[in-house]
Amino acid sequence: MRFVDEFRDAGKAHALAAKIAALCEPGRQYKLMEVCGGHTHTIYKHGLEDYLPESVTLVHGPGCPVCVIPMGRVDDAIHLASQPDVIMTSFGDMMRVPGSGGSFFDANAEGTNIRMVYSPLDSLKIARQNPDKRVVFMAIGFETTAPSTAMTMLRAAREGLTNFSVFCNHVTIVPAIKAILDSPDLRLDGFIGPGHVSTVIGCRPYEFIASQYGKPVVTAGFEPLDILQSIYMLMVQLSQGRSEVENQYSRVVPWDGNQAALKAINETMELRPYFEWRGLGFISHSALKVREKYAAMDAELLFQVPGVRVADPKACQCGEVLKGVLKPWECKVFGTACTPETPIGTCMVSPEGACAAYYNFGRMNRNRVPEAQVTRA
Amino acid sequence: MCLGIPGEVIELHPEQPDLAKVDVSGVRRMINIGLLVDDPPVPGEWVLIHVGFALSKIDEREAAAAMEFLEGIGQAYEDEIAALRASLIE
């Protein structure tokens with residue numbers, strides 16, 4: 001088994017599997033959502049579902065920054081990039097995301113200048129080197145990434161750079177979790193909280209999930225054992241009838257988050273009244289826009305943005321996958337018309353997307369470890 | 001996207017207190033450490049890096065574990081290192 005070969009302490013994984021199985025109440029089904037796409041990746045890569053009893057199901061959440069960008073925003077970005085003298089900068093993950101008329105790569109073939117950058121800060125060097133061009137950074141990502149955009153804007157302001165702006169598409173995780181909790185489609189028992197988002201926002205923002213919705217949350221690290229341990233911690237809470245926020249990843253995630261990062265976001269950005277998410281639709285206060293104080297760096301004010309809503313292709317069921325209602329392989333086009341090479345939907349584009357993770361690592365035949373078999377008297 | 005890669009701080013920028021040179025799997029590049037202003041890292045310490053910014057300090061054991069995990073995920077990690085290599089932060 002892959003997991004045993006690759007992971008150095010398979011013994012611990014088997015021990016955790018046995019402890020999780022021992023906590024299952026007969027006849028009860030447990031649905032746990034891992035919010036973060038990085039966790040989804042680990043789960044499939046290491047076949048962690050084989051370590052869980054039949055009654056424990058993992059549901060993949062919306063925490064994949066590229067996956068949640070609606071098609072209309074990709075079209076808007078390409079429109080911006082097509083304006084005279086514009087150089088757009090973007091993370092590599094975004095380059096292959098299909099808009100209604102193609103991806104950034106396709107747009108470049110038609111003449112736009114969209115450059116891949118590692119960091120938003122790289123955009124500043126491009127702006128300095130091209131004073132006669134207008135450099136627009138395509139900002140995407142959750143709270144993990146928003147501070148980097150914020151710090152880049154602050155740096156640009158300090159330098160007095162006038163040819164740098166941001167097309168802000170940053171989203172916030174908590175309203176998306178709330179939308180899922182309020183959705184009638186899905187009944188969840190608990191959440192594996194995102195790791196790196198939580199290094200920025202801390203664990204407090206999840207407290208409403210425990211107090212108002214009565215569901216436990218455990219913030220988790222990215223190693224296979226981290227995730228198994230988090231599932232165990234969730235199962236302990238459920239077996240004791242508790243719902244609290246716990247931090248399995250405390251070696252990296254401070255309970256109160258990173259104050260300097262939150263301050264930088266707050267200085268440069270504010271919540272939008274609403275934002276459209278792929279699959280989840282419009283969610284109130286779920287995304288960030290550039291603050292008026294930094295209007296000179298707001299691409300949405302500097303340029304005309306069409307803002308046209310574009311429906312996903314009919315065949316694409318990314319929406320259901322992002323909400324956890326469908327498993328990747330239940331989508332009609334999974335692995336046939338939609339593959340990582342020719343993606344139709346975003347979940348197949350990003351390595352954190354549930355479809356890509358399952359396509360690359362998943363197996364139809366489950367081979368549960370003996371410890372995960374629940375024996376009933 | 002939310003990938004965080006561990007790097008060892010090699011030296012602080014002599015003029016810009018926001019910047020530090022880090023070593024990630026042998027690739028040495030400048031990153032921004034401005035988000036750790038409340039507890040700035042010093043050379044020899046490890047940080048978790050996301051899109052050119054240090055997000056948090058980590059201990060060496062955590063760094064080794066994260067590295068092992070990242071090397072295991074293959075292409076996504078290689079893409080990240082390739083992107084870091086091409087980075088222009090100054």
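Q: At what angle do helix 7 of chain A and helix 12 of chain A pack?
A: The model is predicted. In it, the axes of helix 7 of chain A and helix 12 of chain A are 8 Å apart. The two helices pack at an angle of about 60°.

Q: Are helix 7 of chain A and helix 12 of chain A oblique or roughly parallel to each other?
A: Angles under 35 degrees count as roughly parallel. This pair packs at about 60°. Helix 7 of chain A and helix 12 of chain A are therefore oblique.

Q: Is the crossing of helix 7 of chain A and helix 12 of chain A left-handed or right-handed?
A: On the helix 7 side, the contact includes Ala146(A), Pro147(A) and Met151(A). On the helix 12 side, Ala261(A), Ala264(A) and Ile265(A) are among the residues met. By class, this contact has 9 nonpolar, 1 polar and 1 charged residues. The crossing is left-handed.

Q: How many residues does chain B give to the contact with chain A?
A: Chain A puts in 38 residues. The contribution from chain B is 31 residues.

Q: Which helices of chain A each supply at least two residues of the side that touches chain B?
A: The side of chain A that touches chain B has 17 nonpolar, 13 polar and 8 charged residues. Helices that each supply at least two of its residues are helix 3 (37-45), helix 6 (120-129), helix 7 (146-159), helix 9 (196-201) and helix 12 (259-268) of chain A.

Q: Which residues have the most contacts inside the largest nonpolar core?
A: This core has 142 residues. Its largest share, 7 residues, comes from helix 11 (residues 224-239) of chain A. Those with the most contacts inside the core are Phe167(A) and Ala54(B).

Q: What is the phi of His285(A)?
A: Most residues other than glycine have a negative phi. His285(A) lies in the loop between strand 12 (281-284) and strand 13 (288-290) of chain A. It is partly exposed, with 15 other C-beta atoms within 10 Å. Although His285(A) is not a glycine, its phi is positive, at about 50°.

Q: Where is Ser25(B)?
A: Ser25(B) also has a positive phi of about 50°, although it is not a glycine. Ser25(B) is partly exposed, with 14 other C-beta atoms within 10 Å. Its place is the loop between strand 2 (19-24) and strand 3 (27-32) of chain B.

Conventions: Residues are numbered from 1 along each chain as its sequence is written. Chains are lettered from A and ligands numbered from 1 in the order in which they are written. This is a predicted model: local features need pLDDT of at least 70, side-chain atom pairs count only at pLDDT 80 or more; totals for chains, interfaces and linings use all residues. Two residues are in contact if their C-beta atoms, placed from the backbone, lie within 7 Å. Helices (H or I, at least four residues) and strands (E, at least two) are DSSP runs, numbered from the N terminus. Ala, Val, Leu, Ile, Met, Phe, Trp, Tyr, Cys and Pro count as nonpolar, Asp, Glu, Lys and Arg as charged, and the others, Gly among them, as polar. A residue is buried if 20 or more other C-beta atoms lie within 10 Å of its own, exposed if 12 or fewer, and partly exposed in between; C-beta atoms are placed from the backbone. Axes are lines fitted to C-alpha atoms, for helices over the stretch in contact, and angles run from 0 to 180 degrees between N-to-C directions. Angles under 35 degrees count as roughly parallel, over 145 as roughly antiparallel, 65 to 115 as roughly perpendicular and the rest as oblique. A crossing is left-handed if the near helix is turned anticlockwise from the far one by less than a right angle, and right-handed if clockwise. A nonpolar core is a set of buried Ala, Val, Leu, Ile, Met, Phe, Trp, Tyr and Cys residues joined through C-beta atoms within 7 Å.
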